[in-house]
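Take a look at the chain below. We will walk through it step by step, from single residues to the whole.

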Amino acid sequence: MDIKQQWESTPQWQRIFLILAIFGAAAYLIFISFISQKLEEYSNLQQKVNHLESTLNTLKAIANTKKEEALKLKVRNLKKEIDENNKKLIDLSRIIPSDPKIEDVLKSITNYALNSGLIINSFKIEKEEDVYLFYDKESNTLKTISKNQEMGKNKEPTQSIPKEALTVKKVYLSSSLSGGIDQLKNFLNYLSNSQRLIIVESLSIKKENSKLLNFNLGYVIYYMPEEVNQ
């Protein structure tokens with residue numbers, strides 16, 4: 001009996017079952033093949049995702065390290081700038097202290113005069129006033145504007161006050177010295193190199209009966225109370 005006769009002699013329900021089994025097996029094989037491809041694709045994609053996440057984390061770590069290094073560098077630069085500014089403030093406090101320290105000024109002038117070979121005849125505190133102190137670039141000098149002369153009769157500013165101007169106390173001093181021209185030059189040189197800002201505003205010379213000359217000097221010093229510019 002050939003295959004055709006066997007097929008025809010097979011009961012109908014068996015033939016239907018066999019056909020369904022064959023189609024089911026084929027569909028299963030197709031399904032398995034499709035799923036396996038998708039699973040492999042998913043596995044590859046998962047590996048790529050894991051690799052990308054690992055790369056991203058590495059880049060983040062590098063970026064954070066660079067940010068941290070940049071931040072540390074910025075902090076170091078800020079500390080350096082703060083230290084430099086503190087040093088400048090210390091230097092400024094020596095030049096223009098927070099109180100007049102007249103005794104220190106008198107001591108300095110006395111030492112400068114004696115080291116120069118001058119004789120101190122007198123020393124006097126003349127007056128004190130509030131002024132604006134600023135550096136004038138055009139004349140390359142320090143300038144002051146008295147707060148009392150700041151406003152005119154119409155209560156309008158007679159002169160513009162630079163924004164960087166400091167409000168300070170200006171103290172006028174005077175002294176009488178005796179000696180020679182060379183001694184006076186040495187004395188003025190000492191003053192110009194003084195840590196404290198001592199400015200000679202006036203100088204007059206008179207001939208005495210002796211060989212000595214009489215020098216009348218007018219000085220100004222400045223001090224800046226801590227509460228003034230706060």
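Start with one residue. Glu-201 has a relative accessible area of 46%, so it counts as partly exposed. The limits for that label are 20% and 50%. Keep in mind that this is a predicted model.

Which residue does Glu-201 meet in a salt bridge? The partner is Lys-170, with 3.3 Å from N to O. Lys-170 sits in strand 3 and Glu-201 in strand 4, so this pair ties together parts that lie 31 residues apart in sequence. Is Lys-170 buried or exposed? Its relative accessibility is 5%, so Lys-170 counts as buried. Glu-201, at 46%, is partly exposed. Side chains of opposite charge can pair when their charged atoms come close.

How many salt bridges does a search of the whole structure find? The count is three. One of them joins Lys-169 and Asp-130, whose closest N and O atoms are 2.7 Å apart. Asp-130 is partly exposed because its relative accessibility is 30%.

Another salt bridge links Asp-136 with Lys-143. Here the closest N and O atoms are 3.4 Å apart. Asp-136 has 16% relative accessibility, so this residue counts as buried. Lys-143 has 36%, so this residue counts as partly exposed.

Now step back to the whole chain. The secondary structure comes to four helices and five strands. In what pattern do they follow along the sequence? The protein chain reads α-α-α-β-β-β-α-β-β. The chain has 230 residues, and buried residues make up 22% of them.

Next, look inside. In soluble globular proteins, nonpolar side chains tend to be buried together. In this model, the largest nonpolar core has 19 residues. Seven names stand out for the most contacts inside this core: Leu-173, Leu-177, Phe-187, Leu-191, Phe-215, Tyr-219 and Ile-221. Which elements give two or more residues to the core? They are helix 3, strand 3 (166-179), helix 4 (181-192) and strand 5 (213-223). Strand 5 gives the most, with six residues.

Ile-181, Leu-188, Leu-203 and Ile-205 make a nonpolar surface patch of about 310 Å². Helix 4 and strand 4 (198-207) each supply at least two residues of this patch. Take Leu-188, which is found in helix 4. Its relative accessible area is 31%, so Leu-188 is partly exposed.

Where does Asp-104 lie? Asp-104 is part of helix 3, which covers residues 102-116. Asp-104 counts as partly exposed because its relative accessibility is 43%.

Now turn to the backbone. Lys-101 is not a glycine, yet its phi is positive, at about 50°. Find Lys-101 in the loop between helix 2 (12-95) and helix 3. Lys-101 has 35% relative accessibility, so this residue is partly exposed.

Asn-140 also has a positive phi, near 55°, and is a residue other than glycine. Which loop holds Asn-140? Look between strand 1 (119-136) and strand 2 (141-146). Is Asn-140 buried or exposed? With 54% relative accessibility, Asn-140 counts as exposed, because the label needs over 50%.

End with a pair that shows how sequence and space can be compared. Tyr-135 and Leu-166 are 31 residues apart in sequence. In space, their C-alpha atoms are 9.8 Å apart. Tyr-135 is found in strand 1. Its relative accessible area is 41%, so Tyr-135 is partly exposed.

Find the salt bridge of Lys-170 and Glu-201.

Notes. Residues are numbered from 1 along each chain as its sequence is written. This is a predicted model: local features need pLDDT of at least 70, side-chain atom pairs count only at pLDDT 80 or more; totals for chains, interfaces and linings use all residues. Side-chain values use heavy atoms; hydrogens and water are left out. Buried means under 20% relative accessible area, exposed over 50%, partly exposed in between (1.4 Å probe, protein chains only). A nonpolar core is a set of buried Ala, Val, Leu, Ile, Met, Phe, Trp, Tyr and Cys residues joined through side-chain atoms within 4.5 Å. Patches are made of residues with over 30% relative accessible area and no salt bridge: like charges are joined within 9 Å, nonpolar side chains (Val, Leu, Ile, Met, Phe, Trp, Tyr) within 5 Å. Accessible areas come from the Shrake-Rupley method with a 1.4 Å probe; for residues, only the protein chains shown count as cover. A salt bridge is a side-chain nitrogen of Lys or Arg within 4 Å of a carboxyl oxygen of Asp or Glu.
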